[in-house]
Amino acid sequence: MRNEWFSFTSEVKKMYEKDFVALHEPTFTEVEVDYVTDCIKSGWVSSVGKYVERFEKELAEFTGVKRAIAVVNGTAALHIALKVVGVKAEDEVFMPSLTFVATANAVSYLGAVPHFVDVSENTLGIDPVKLEDHILRIGDFKGNHLINKETGRIIRAVVPMHTFGHPVEIDELQVICKKYNLILIEDAAESLGSYYKGKHTGSFGKVSALSFNGNKIITTGGGGAILTNDEDIADYAKHITTTAKIPHRWAYNHDEIGYNYRLPNINAALGCAQLEKMHNFIEHKRKITSYYEKLVKNIAGVQLFKEPEHTKSNYWLQTLILDHTYNRDEVLDFLNEQGVMSRPIWTPLHLLTPYSNMPTANLSITDDLNSLIINIPSTPLREV
Ligand SMILES: *Cc1c(COP(=O)(O)O)cnc(C)c1O
């Protein structure tokens, strides 16, 4: 590797004051300890308790939606988000191939079919222009439904994902959804604290999903949430994620097949503490971005990915885009050997065994970016 990469890794280790720098670690202080301790002392660690309600209320306030429903993880949030808006078996659902596998898994749990579309180099999320081109090529309108002419299936919904916290062109996607009668569901698992034209990601779709996994911008250990402005959808989501039990003082009656997806109170306690620090986290993330910007300027053929126009990103994972002179895997080997933990982007889903035979659009940008993207350490620098 060239000299400038050696000085990059030594500067990163200096910045973190560590010989080995992890990709992304949770940041905890006494606040987390206090809330979790309080939860344990109360005895209410499981399916009932004050922290779940409080976390849901604070999440809704933070993201600017009417309701948030806390669940066990982001995948469960996506599963229920898709179900409550009416995605059914044999429906097709547009989504990027360049996403974490959970987006496609959630669709598959309902017996529906992921339909992969390409991304934009400017956002790393669904490219609206290419999406519409693809719809015009393969789509047909029958009885108010968009039909995939090649498979005969209804295309029901679009699930954009805000990659590494950077918002997609969501208003363009809203226009397309309206025009072609598609339901918009946001996979906002990575974008808590990210805004598009001043509005929080996850507040544009009919429903959206957040994740609070250990590697996300805030964590509850494991956890997720469904966001929506529709009270009926919110009530239904709450109902089926809590075993579809009909409220009663002592009787066990359930009016449909429900799910045990409720977030335990002890995890919600952790979430309340983490949420109090969101503004600090984002400030620190943006500071790291400007440090990296200075370091990366000295390396030929590499760009630090910056938030798209009209957006404010949470910069959850810092991202390098290599040019074609590089071999990505050599760079990854070097960085990891030097103690600067780095990872490639997820293998695009259309290349994974379970999703290799799904309908797809032309995925040239996805295939190209797959070999050029590297995530580098992104933990906030000091205790916040
Ligand atoms: C993390 C993540 C999820 C799923 O979240 P879990 O809480 O791990 O189930 C879904 N989609 C994307 C894009 C993610 O990054």
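Predicted model: local features only at pLDDT ≥ 70, side-chain atom pairs only at ≥ 80, totals over all residues.
Local features need pLDDT of at least 70, side-chain atom pairs count only at pLDDT 80 or more, and totals for chains, interfaces and linings use all residues. Residues are numbered from 1 along each chain as its sequence is written, and side-chain values use heavy atoms, without hydrogens and water.

Colleague: Which strands are the edge strands of the open sheet of 4 strands?

Modeller: Strands are DSSP runs of E, at least two residues, and helices runs of H or I, at least four, numbered from the N terminus. Two strands pair if DSSP finds at least two bridges between them. The order is E12-E14-E16-E15, with antiparallel pairing. Pairing on one side only marks the edge strands, E12 (302-304) and E15 (343-344).

Colleague: Which residue of E14 is the bridge partner of Val-302?

Modeller: E12 and E14 (residues 318-322) pair in the antiparallel sense over 3 bridges. In E14, the partner of Val-302 is Leu-322.

Colleague: Is H2 roughly parallel or antiparallel to H9?

Modeller: Axes are lines fitted to C-alpha atoms, for helices over the stretch in contact, and angles run from 0 to 180 degrees between N-to-C directions. H2 (residues 30-42) and H9 (residues 265-275) pack at about 155°, with axes 8 Å apart. Angles over 145 degrees count as roughly antiparallel and those under 35 as roughly parallel, so H2 to H9 is roughly antiparallel.

Colleague: Which residues of H2 make the contact with H9?

Modeller: Contact means heavy atoms within 4.5 Å. On H9, the residues include Asn-265, Ile-266 and Gln-274. On H2, they are Val-31, Glu-32, Tyr-35, Val-36, Cys-39 and Ile-40.

Note on methods:
Parallel < 35°, antiparallel > 145°, perpendicular 65-115°, else oblique.
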